[in-house]
Structures are given as structure tokens and as C-alpha cells.
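Here is a colleague's note to read with the model open. Please go through the points with the coordinates at hand.

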Amino acid sequence: MDYLEIKGQEPLGGSIAISGAKNAALPILACALLGGAHTSITNLPAVADVRAMTTLLEHLGVQIIWEDSHTLTLDASHILHLEAPYDIVRKMRASILVLGPLLARFGKCKVSLPGGCAIGARPVDLHLKALEKMGAQIHIEQGYIVAKAKRGLKGCDVVFDKISVTGTENIVMAAALAKGESKIINAAKEPEVVQLCEFLQSAGVEISGIGSSEICIQGTQQENLNFKPIEIIPDRIECGTYLCVAAITNSKMRFAHANVHHLEAVLGKLSEIGFKLDIQELAPNQHTIDISPASTRAPFEIITTEYPGFPTDLQAQFMALATQCAGGSLIEERLFENRFMHVSELQRMGAQISLKGALARIKGGGMLMGADVMATDLRASSALVLAGLVAKGKTRIHRIYHLDRGYENLESKMSALGAKIKRLKS
């Protein structure tokens, strides 16, 4: 099994380009099931989750032609199968995103309950209750969601008890082909949800309230959609992670192909810690970010919450950064109950972190030491990479298949910044 070896305390600097957003690419790929013929998608990140989604689509009968490693054209006009099997779905939770489109278009489907990172309960109940309210009959059978809507889905008001990104995305896609108007109340506002809605708009679906907590969708009554070409937005989590690479090593770096509008909470926190940020707009929603070293790195407090608040997907990386700040920092995780699993691995490297429920206290300024550590989920993996960059000696990170799910060419990009990092086999 592959692992990463990092030699710490090396001087870093330089520039890299930010890849397309995995969490935007996955729902847009699933959305093409709504009838897309010759749909062109560019700026796809070359990561394992995208490969898993395209494998699932091909199993369903979607014809996919890769123009290059970041561009594909797909034709979903002739679907052959309506079952998303366990062997494919178990690899990532986002596979649940095919449920809404398949049910809306064909009136039936069978989708395995999903797998993915073990960071806490992310129940699909919200998706299923909403689809049932739209007229679907759903039951769980041998680990599969079996859904039917013989007369098609009907538009209705859907009120989410809890904000759910994939829940919002699934119901937006289902509502696009439903009969009548659907209203999603307490919808997610993430940029990835916004891009999905804009993608549906490009195919003629009437949607209002995009980017707000209340989205209205006028369904097409199972009329297949024809999508315009789309370029996937920059990955705000990848950009935030590399900003933390610069911050934890206190290095000067430049990041191209970013969208600062999606990073306001993150950039604000880095400024508060003491980093100078210089932003240049090269085109609408496309920026270059320069980050310069801080004379003193101040401690900080973070509470993770839904967009536009501080993202839970950057909590682990900022925890690693907190070990190098002066004084004590506080991080409260409000979204996922198991998202502190990286703490014990950081402690193996000498980090002084104490936990009490959803609150982590990090004492900064101490020396980290290289060690053998284990990745527990995608974002925890990147926190261990960050810690390895400043630790004395060598750090070996095991179970890096988590990293491959969401970071494109991590070793190449890190090497371009001067890191001594290599992938080895155990």
C-alpha cells in the first residue's frame, strides 16, 4: 500500500495553479443524467472521486469521451441500467447524487447506500423524505435504496431540518424534471450548489433564489435537458489547504486560478493570524493570491459552520497551523461529530491538543517531530501533510488513498513549492 514520506523543515516557496472543485464536479456529472447529450465539462480535477463517478455513469450507460485528463464529453441520452451497485458506490458518499436524477427521469432506480469518509453521520434520510414528499415510494432492501415514482415526481415545498449540501443538490436535480414548482427551504448556499443551479439554468430550467436559503425550481415534466458547456469552478478547499501550506511554513507563495469570493472566511482568518494577502483579479471570478510571511502568527478561534461560514473541510488544516502559532487557539466543530480523528495522529507528532466534546484547544509554539501516522479521512490526511512539512525529521503518512480522493497531483504540487515529499510502497 502506498504511503507518503515527507522530510520536514525544508524551505518552501513558489507558485501553483488551483484545480477544479471536486465537490462541484460530482453533482454536475450526476446532473448530466437528466438527459444530457454531448455535454462538455472542462476543468475537472484528476482525482479518485471523479474517476469513481465517471465509472458509475459508464455503468449506467452514459457514453464518456475524455478529451484530456481534465475535459470530457458525455452523452446520457441512452441509459441502459438503473442500478448503482455497491462495488462502485461504496467508494464515495457522493454517489447518492445519481438518485434524484435517475428517479426524476425514469420513475424508478436502485442505488446502494453510500460509503466514503467515516467522519460522522451524514444520513440520507433528508434526501429520501424529500423525494417521498415529491411522490416517490422508497424502501431499503439489502443495503439498497429502491425508489419508484410511476407517475413522475411532483413539485412541492421541501423544508430541510438540517442544511445538507448533497441533499439540496439531489432535490434540485429531481425538481428540475418534476411536474410543477418545487421550493427548497433551508437550502445549502455553497458555491458548488450555486454552480449546479446555474448549470440547470443553462439547460432552460427556471430557477430563482440561487445562492440563498430558499430555491424555487419550475420542473419540465420529465422533458430531457440539453446542457451548455461548463467549466468547473476552482476548488476552494484545495486553495485553502495550500494557503495553509504557506502559513504553517511561514513562506511566500502564489496561487493562481483561485476564486477569492468563495474564500472570504478563510482569507479573513489568515489575515487575523498575521499574514499579508495580495489579490489580483485576472478575469471575472478568477484571481491570483499572494501570501507573505507573518512576523508573528497570532492564535485564533474557529467555529465551523455552513457556507459562507468557516468550512469544516479546512478545520483539520487550520488545527495543524495552530500548532505553530503563538499561544492557544480554539476550534469548535459544529457539523460532524467524528471530525477530530486527526487529533490523535497530530499528538503522535508532539502536538499539544486537548479535546472536550466538539471543542479542541491547541497550544502553539511547540516542536513537532516526524512520526508514522495514519490518515483517517480526506481532509485529516492533508493536515498530516502540513504537520510533516514543519516536523523535525521524516514523517510517513499511511492510508493516503484518502488524499487521492480529493487532491490532484499532490506530490507534484508540493514538490513545485520545494517540499521533500515522495510516494513509496510499504
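The numbered points below cover charged pairs, selected residues, a helix and the cavities of a predicted model.

1. **Salt bridges, overall.** Start with charge pairing. Side chains of opposite charge can pair when their charged atoms come close. This structure holds 17 salt bridges. Three of them are taken up in the points that follow.

2. **R423 and D2.** These two side chains meet in a salt bridge, at 3.3 Å from N to O. The pair links distant parts of the chain: D2 sits in strand β1 (residues 2-7), R423 in strand β24 (residues 420-425), and 421 residues separate them. R423 has a relative accessible area of 30%, so it is classed as partly exposed. D2 is partly exposed too, because its relative accessible area is 22%. The cut-off matters here: buried means under 20%.

3. **E5 and K422.** E5 is buried, since its relative accessible area is 11%. K422 counts as partly exposed because its relative accessibility is 45%.

4. **E192 and R236.** Here the salt bridge spans 2.9 Å, N to O. E192 lies in helix α7 (residues 191-202) and R236 in helix α8 (residues 236-249), so the pair ties together parts that are 44 residues apart in sequence. Both E192 and R236 are buried. One network also deserves a mention: salt bridges with shared partners join D2, D404, E411, R423 and K425.

5. **R297.** Which side chain of opposite charge is nearest to R297, and how far away is it? It is E272, at 14 Å. R297 is buried and has no salt bridge. Its side chain does reach the backbone oxygen of I248, at 2.9 Å. R297 is found in the loop between β17 (286-292) and β18 (301-303). Leaving aside neighbours within four places in sequence, its contacts include A247, I248, T249 and N250. Also among them are I273, F275, Q324, C325 and A326.

6. **Q317.** Is Q317 buried or exposed? It counts as buried, because its relative accessibility is 0%. The residue belongs to helix α10 (residues 315-322). Its side chain makes a polar contact with the side chain of T241, at 3.0 Å. Beyond four places in sequence, Q317 is in contact with I237, T241, C244, R379, S382, A383, L386 and Y407.

7. **Helix α12.** How many residues of helix α12 (residues 378-390) are buried? The count is 13 of its 13 residues. D377 caps the N-terminal end of α12. A side-chain oxygen of D377 lies 3.0 Å from the backbone nitrogen of A380.

8. **R361.** This arginine is placed in strand β21 (residues 359-363). R361 is partly exposed, because its relative accessibility is 48%. R361 and A322 are 39 residues apart in sequence, with 9.4 Å between their C-alpha atoms. Apart from neighbours within four places in sequence, R361 is in contact with S329, L330, Q352, I353 and S354.

9. **S40.** Strand β3 (residues 39-42) holds S40. From S40 to D75 is 35 residues in sequence and 9.2 Å in space, C-alpha to C-alpha. With neighbours within four places in sequence set aside, S40 is in contact with L72, T73, K228, P229 and I230.

10. Rolling a probe the size of a water molecule over the atoms shows where empty space is left. The structure holds three cavities of 30 Å³ or more. The largest cavity has a volume of about 50 Å³. What lines the largest cavity? The lining consists of R236, H262, L263, E264, A265, V266, Y307, P308, G309, P311 and L314. Helix α9 (residues 264-273) gives the most to this lining, with three residues.

Terms used
Residues numbered from 1 in each chain as written. Predicted model: local features only at pLDDT ≥ 70, side-chain atom pairs only at ≥ 80, totals over all residues. Heavy atoms only, no water. Helix = DSSP H or I, 4+ residues; strand = E, 2+ residues; numbered from the N terminus. Buried < 20%, exposed > 50% of the residue type's maximum accessible area, 1.4 Å probe, protein only. Lys, Arg positive; Asp, Glu negative; His and termini not counted. Salt bridge = Lys/Arg side-chain N within 4 Å of Asp/Glu carboxyl O. Polar contact = N/O pair within 3.5 Å; in protein donor to acceptor, adjacent residues only side chain to side chain. Contact = heavy atoms within 4.5 Å. 1 Å grid on protein atoms, 1.4 Å probe; cavity = no way out; pocket = protein on both sides within 12 Å on 5 of 7 lines; lining within 4 Å. Points joined across faces, edges and corners; volume = space filled by probe spheres on them.
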